[in-house]
Structure formats: structure tokens, C-alpha cells
Amino acid sequence: MWVSSSIIKSSGFTHLFARTKAFRYIWSTTFPFPPLADYNPRLESGSANTTHFASQHYTSNAGFCSSKPFGEEFDSTLKHIEVSEACVETVRNVLIKHSWINRFDSEFSIELDEYKVIRILDDLFADTSDASVALYFFKWSELWIGAEHSSRSICRMVHILVSGNMNYRALDMLLHLVKRSDGLCLVINDLFETRRGDRLVLETVFSMLVDCCVKERKVDMAVKLAYKMDQLGIFPSRGVCISLLKEILRIHGFELAREFVQHMISRGRHLNAAVISLFISKHCSDGSFDKAWELLMEMKQQYGIKPDIVAFTIFIHTLCKSGFLKEATSVLFNLKLFGISQDSVSVSCVINGFCKAGKPEEAVKLIHYFRLRPNIFVYSSFLSKICTEGDMLKASTVFQEILELGLLPDCVCYTTMIGGYCKLGKIDEAFQYFGAMLKSGNSPSLTTYTLLIGACSKFGDVGDAEALFRNMKVAGLVPDVVTYNNLMHGYGKTHQLNKVFELMDGMRSAGVSPDVATYNILIHSMVVRGYVDEANGIVSELIRRGFVPSVLAFTDVIGGFSKKGDFQEAFLLWHYMADLRVQPDVVTCSALLHGYCRAQRMGEAMVLFNKLLDAGLKPDVVLYNTLIHGYCSVGDVEKACELIGMMVQRGMVPNESTYVALVVGLEGKSDVNSDKRASILLEEIFVANSAK
């Protein structure tokens, strides 16, 4: 029996399962003939390629029985296979008409191969002009074969679907082909060789294939395919050309994009405002606002195309994103000079810009001036500003106002609220909005899941973060490096070092490259577990490969060595930082000084501290308290008081940690209560040094 070149999805057992559990239902509902003899249902194997069923006992309408023997795609196939009895009868009549089955047969014993599948599909569509009938048999036969159809069979089905105005189904199949193919040479040949003679259908099919390549970010493949189409005398549709051009500009820049536009024009795809707007957007994203404006002004004169509100809105939006709010506002108010009226989108862009810049009063002025009726985009801008400030009480009031006005919050609104609560560590409130989001029918985005995973890892239960990670993958979302890092942080925090490494492997398998934050989390997790030497090995390996570890990575390892008392290795890393031009910060210095203080080597600690001061380091309260704690632990309260005075002179106020250090240092040194004596000392030092 023929099978496709793709990997068969089932073992012998699951193949048997498919034929006995799934196929017997389809067969019995498709060909419900009376049996030749009354016997119990059984599986008879006349040969390895032919399976017979007694139909009498399988006429139930209970549906399919499946334990997913072929994986997730098997279930989705079954969902679409249920059709009306009229369709089933139509298939049966066509098969009888073309002698694929005998009217009196109670068995389906055709040995299906690629050639026969394509011929039957053609017969079904030729006789019915209904692509859904052919699609029903196509899916049914795949279950019978027990493997995916070949590329040629799929391509023929695609042509039939487009001919029958079922483009959405054809697009799904083409997307599947693009995802599973490393190269498209075979697919292109199969699509061309299985064409049905209609040039318009062929052009539509190839346009859809280009669009699928664009969606899968296989831009170079899409460009090659577009030029291959040109050789065949066809070309992608205008909409597909614009989608492809956008990606060409993003990846390859202007030169290849201009070449492609010339090709578009030569094939009758004339320039319009949408095409020019892509070049304006690219200039803006590159920061070349003068070139973008020049192109905007030349559209009418040079290309005979009047700039539309979309082109201007792109320019205004990018100005706002780059912080040029004054210029964006000026363009907005002068639109009427070009014969264009402001719309809610162009005004909302500037409102959003003012909100993000922390100028909500300017945003309100624009709303009043243009008498803009509040829409969901405007509310999202205000919500973003309020949530950034951490005023979630006010944000929840605004969100409630959105609902009361009859507006429907979108994914952005819900995600903004979720992000605000996650930032404050209020996990329960974040999940309440997540639940409301799901109930409203909005699908969570990658950002939504990433925020929740990060909050659960940082403030909540890493088990919840794991569940969210699994759910987002089931929903078809692809985790990015930030999502992985958030979950990895949770594993590191709970000392699950094995899962940290497993997740790193999972990242690489998924084609996600670790970034600086990934290595910081990995190194920190190892140091916390006491694997300082191993963490140092990772730092050394990164340096050997030409990467420059961050200050945070160096700080963690230096801190780890300092706690162990291995100051030689700590200083070696310190010198590595200088060689790599990585400037130590106050936290790095604190880590090293903390090690000296912990080992009660205060002389060396003070020498290092003075060197750091000479080098221009500005110590913070934490660093001073580290030294103060160190001197108090060895009973040198006088030196500790000198450091407190130095701290006050530099404008810093002693805190609870300073007070506790003094109490420890004063214990047993006087008849006076150490708590009381520490308070008096702090007050005297503060008064004596605050005026200096």
C-alpha cells in the first residue's frame, strides 16, 4: 500500500486502532448496506492492505472513538469530517458511477495510492462542483491510509478548493506544507503539475503560497517564489505583494524593496498609497524623518498619488513613538492644509504619545479640542499611563468606566491591567482579570502569558508559572526569550537547577537564542546553590567565545567566591572586568566587601573601600552598612561611627540596618542599655555631621 514520503504518524498498533475504531464508523455511515450474513463484528485480514468490516453493528451515530493515536492533528481532522447524510450519499453515488466501488459491495477494498486519490478527487469535483465533497473524501481517505497524504495529493486538493471558492481551507493546507518543508522546490513543482488548467486559479494558489511563506517569516523563500511565478507568467496579488514588500523592507532594506516594486509595476501591480506608506514607515523606523517627510510630500508630484490619512498617521505615530510629540502635534493640526481631515486614529496616536510621556493633561486637551468620543484605543492609552504609575485603584475605576460606556475591552486593555497588578505582585487580582479576559472571548497574547509567568515566578508559585507556560503552547503561542527567562527565574528561585538546564535545552531546541538575561539567571541560580566554580566556568566560557558577561553575572560570581573566602578568584574576576571594560557598580563592590567583612578582614576591606573612592565610586547606604556591620562585629564601634559620619556627610540617612549594627557592637561594652546607647550615638553623629 502506498504511503507519503512524510513520516507515518502511527505504529502498527495505532494504525490498527485507526482502522478499527475510527474507520469503521465512517465506513458504516458511508455505506450502510445490509450484511450478507448475520455474524458478530470482527476484523478479517484478507491481506496486509485490505481491511473488511461487518457493517450491521456499526451504524451508531455516537461519533468517533479516539485516543489520539496520530497526535493532535488527528483530532482536528476528525472534527471537520462530520458531514450531512446527503454529502455521504453523494460520495457513494460518484464512487459507484466511476466504478470505484460496486453497488452491492459491503466492503471498501480499494488499495488507495497517490494516483487513485487524485483521480477520485477529480471525479468528485467534476460531478458535483462542490469542493466540500472532495474535501470530505480527502480527509476520510487519509484516515483509511493511516498516513498523511503526499505533497501531490495535497496540492491537487488545494487546486480543487480554490476552484470551489474554499480558499480558507486551501490556505490551511498550504500553510501546513510550508511549515513542514525546508525548501519549496518540490511543493512548487507539485502545485504546477497538479494544476487544473485555470490560470486564475493557479495564480491564486501561488499567491496564497507566497502569503504563507510571509506569515512563517520565510521571506527569502517568498521572494524566490514570486520571481518563479513571474517565469510562469503569473504574479502574486496586490495584497500579497504589499505583505511581502513590508517584510523585504524589514529584513533587506530599500535596495531589494525598490527592485521588487519595479517588478510589481512591470507585472501590472501599480503603485498606490499603501506601497508608498511602507517606505515612509521604514524611513521613520530608521530615524530618517526628513526622508520620510520628503517622500510624503513628493507622492502627488512624483508618483501621481495623493497622500492619504493612513500615510500621515504612520508618520505621526512614529514621531510619537520616538518622542517627537511637538512635531507630531504640528503635523496633526496641519493635515487640513493637505485636504485631509483628522480621524480618531490619527488623534489617538498623539493622545497615546502624551500619555506614555507622562503628560495626560495634554492628552485631555486634545480630546476636548477634537471633541473625540472616547474609544477603546484612547482608554488603553490612559490605562497604560495609570498602570505604569502603579495606581491600580484608579486603573480599575477607568476599566469599569469602559464597561459602563458599552465599550468592549480588548486584549491590550486586559493585558495592561494584568501587567499593572503583576508589577505590584498582586497575583490574585491579575488572575481575576485574566479570567475575565478569557470569559469575554479575548485570546491572551504572548505578552499576557509572559507577564503572568514572570509574576508567578517572582511572587507566587512556580507551579502556576509552569501551567501557564504549557497552556500558552497548547494555544499555539510560541514563547520568546523573555518568556523562557521568566520561567527560568522561577526555577532558579526555588533551587530547581535541573529544570533550569532543561529549560535552556528546550530554548535551543525551539530555536530561541539565550540572551544576557538568560545567562545571568543561570549563573545566579548556580551561585545560590553553591556551584560557584561551575558558574565561574560558564563566565569563562562566555568570554572565550567572545561574549562579554554583564556586570550582574560578574557580581554574582564575585559574591560567591567572597562568601567562600576565596578572594584570589574574586579579584581575578575583578581584573577580568577591567580587561573587558565592564565597569563594576556599587553592588559588585558590596559583594567583595561583604566577603572581607564576613571573614573579619576589615583592614583589607577598608583598603579596597578607599581605592574604590579614589576611583570615583559613589557608595550607597547598603555598602556603608556592610562596612559598619563588619567593624561592629569585631568590636570596633569607633571606626563604625566614623563611617556613619562619612555617610551622613554624603547626604545619606542611617537606617534600621545601621542601628542594628551599632546595637550589636555596643553589647557588653557599657552598663548603659545598648539599644538606648545606639540611638543616642546615631542622633549625635547625625547632628554633628549633617551641617558639614
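Predicted model: local features only at pLDDT ≥ 70, side-chain atom pairs only at ≥ 80, totals over all residues.
Helix axes are lines fitted to C-alpha atoms over the stretch in contact, and the angle between two of them runs from 0 to 180 degrees between N-to-C directions.

Helix H23, which spans residues 446-459, packs against helix H24, residues 462-474, at an angle of about 165°, and their axes lie 7 Å apart. Because angles over 145 degrees count as roughly antiparallel, H23 is roughly antiparallel to H24. The crossing in which H23 passes H24 is left-handed. On the H23 side, the contact is made by Leu-446, Tyr-449, Leu-452, Ile-453, Cys-456 and Ser-457. From H24 come Val-462, Asp-464, Ala-465, Leu-468, Phe-469, Asn-471 and Met-472. Sorted by class, the contact of H23 with H24 holds ten nonpolar, two polar and one charged residues.

Helix H33 (residues 621-633) and helix H34 (residues 637-649) have axes that come within 8 Å and cross at roughly 165°. H33 and H34 are therefore roughly antiparallel to each other. Here too the handedness can be given: H33 passes H34 in a left-handed crossing. H33 contributes Val-621, Tyr-624, Leu-627, Ile-628, Tyr-631 and Cys-632, which meet Lys-639, Ala-640, Leu-643, Ile-644, Met-646 and Met-647 of H34. The contact of H33 with H34 divides into eleven nonpolar residues, no polar ones and one charged residue.

These pairs belong to a chain with 36 helices and zero strands. Of its 692 residues, 48% are buried. Contacts across the sequence were also examined: among those between residues at least 6 apart in sequence, 62% join residues at least 24 apart.

Attention can now turn to the interior. In soluble globular proteins, nonpolar side chains tend to be buried together. In this model, the largest nonpolar core has 111 residues, and those with the most contacts inside it are Leu-244 and Ile-351. Leaving aside residues up to four places away in sequence, Leu-244 touches Val-210, Val-214, Val-219, Ala-222, Val-223, Ala-226 and Phe-260. A second, separate core comprises 99 residues, including Leu-503, Leu-617, Met-652 and Leu-666.

Terms used. Residues numbered from 1 in each chain as written. Heavy atoms only, no water. Helix = DSSP H or I, 4+ residues; strand = E, 2+ residues; numbered from the N terminus. Parallel < 35°, antiparallel > 145°, perpendicular 65-115°, else oblique. Left-handed = near helix turned anticlockwise from the far one by under 90°. Contact = heavy atoms within 4.5 Å. Nonpolar A, V, L, I, M, F, W, Y, C, P; charged D, E, K, R; others polar. Core = buried A, V, L, I, M, F, W, Y, C linked by side-chain atoms within 4.5 Å. Buried < 20%, exposed > 50% of the residue type's maximum accessible area, 1.4 Å probe, protein only.
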